[in-house]
Amino acid sequence: MTSTETYLSLDDLTVVLRDGVLTVTLNRPDSLNSLTAEMLGGIADVLTRAAADPAVRVVRLGGAGRGFSSGAGISENDQTADGHDAKAVLDAANRAVAAIVALPKPVVAAVHGPAAGVGVSLALACDIVLASEKAFFLLAFTKIGLMPDGGASALVAAAIGRIRAMRMALLAERLSATEAHEFGLVSGVYPADDFETEVDRVLAILVAGPAVALRKTKQAINAATLTELEGAFDRESEGQLQLLGSHDFREGTRAFQQRRSAEFTDS
């Protein structure tokens, strides 16, 4: 086993390499692994290094504690007046998602609990998405006057089609692990007690698999299905930065904090 310092030393991201599996764990369990710009940038940096490391055969991306990730902490109080902090988070999220997609090795998402916001983007950027029956997926952006980001508009649609993606994004409905599997959002769903065993089984298959064939297969499928990912990054970033300065976003975050229905008025 290599030390985490071999790849990255960051309190909120744990990185361990063992037997060909690079395990990257989002490690802010007290906030359901809410994502910072530093964490997202760290994921991109780790995968950039892993791409050239022959000791890494497959990557496992998961979360500590009860959830996979509650998404980015983009609240009104988190941001500066000019949106600089928000832009840093958006840029880092795009870098992380792009690094997962571009990595010439399989990446497995192990989603054992909630995946929300850009956490959904991280999971769906992976090549195989395994979910515990306790997991769920949620694009809740519109509830606070925002839009999906981190490439979600392309990743979700590529996985489940335009109509289902529209419903998930526009209505901000929670999708259970079973529903996500039925829709084609995840590769498999398992009982919570069996989840880690099943994840390990899939990882073992990939570690023992033909690295060149796996790489070329991943590249071919991504090239055929994620043709709009780069454009999605640009469209989402531009739109999200505008929305973060809107009255509806301020009202949405206040309503969320006060546990009431928002009264949106922008048009």
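A charge sits over a ring if NZ of Lys or CZ of Arg is within 6 Å of the ring centre and within 35 degrees of the ring normal. Before them, a word on the model. This is a predicted model, in which local features need pLDDT of at least 70 and side-chain atom pairs count only at pLDDT 80 or more, while totals for chains, interfaces and linings use all residues. Residues are numbered from 1 along each chain as its sequence is written, and side-chain values use heavy atoms, with hydrogens and water left out.

Now the arginines. Arg164 lies over the face of Phe183, 4.1 Å from the ring centre. Arg174 lies over the face of Phe136, and here the figure is 3.7 Å.

Next, the sheet. Helices (H or I, at least four residues) and strands (E, at least two) are DSSP runs, numbered from the N terminus. Two strands pair if DSSP finds at least two bridges between them. Six strands form an open sheet with mixed pairing, in the order β1-β2-β3-β4-β6-β9. At its edges are β1 (13–18) and β9 (188–190), each pairing on one side only. On average, neighbouring strands are turned by 20 degrees against each other, direction ignored; axes are lines fitted to C-alpha atoms, for helices over the stretch in contact, and angles run from 0 to 180 degrees between N-to-C directions.

Strands β2 (residues 21–26) and β3 (residues 58–63) run parallel and are joined by six bridges. Val24 has Leu61 in β3 as its bridge partner. Helix α1 (residues 37–51) packs on the sheet and touches β1, β2 and β3, where contact means heavy atoms within 4.5 Å. The direction of α1 makes about 175 degrees with that of β2.

What about the interior? A nonpolar core is a set of buried Ala, Val, Leu, Ile, Met, Phe, Trp, Tyr and Cys residues joined through side-chain atoms within 4.5 Å. Buried means under 20% relative accessible area, exposed over 50%, and partly exposed in between, with a 1.4 Å probe and protein chains only. The largest core has 66 residues, and Leu22, Val111, Leu122, Phe137, Val156 and Leu185 touch the most other members. Helix α2 (residues 84–102) gives the most to this core, nine residues. Another core, of twelve residues, lies apart from it and includes Val21, Val58, Val199 and Leu203.

Leaving aside neighbours within four places in sequence, Phe137 is in contact with residues including Val111, Met168, Arg174 and Leu185.

Last, Leu244 belongs to helix α9 (residues 229–244). Leu244 counts as buried because its relative accessibility is 14%.
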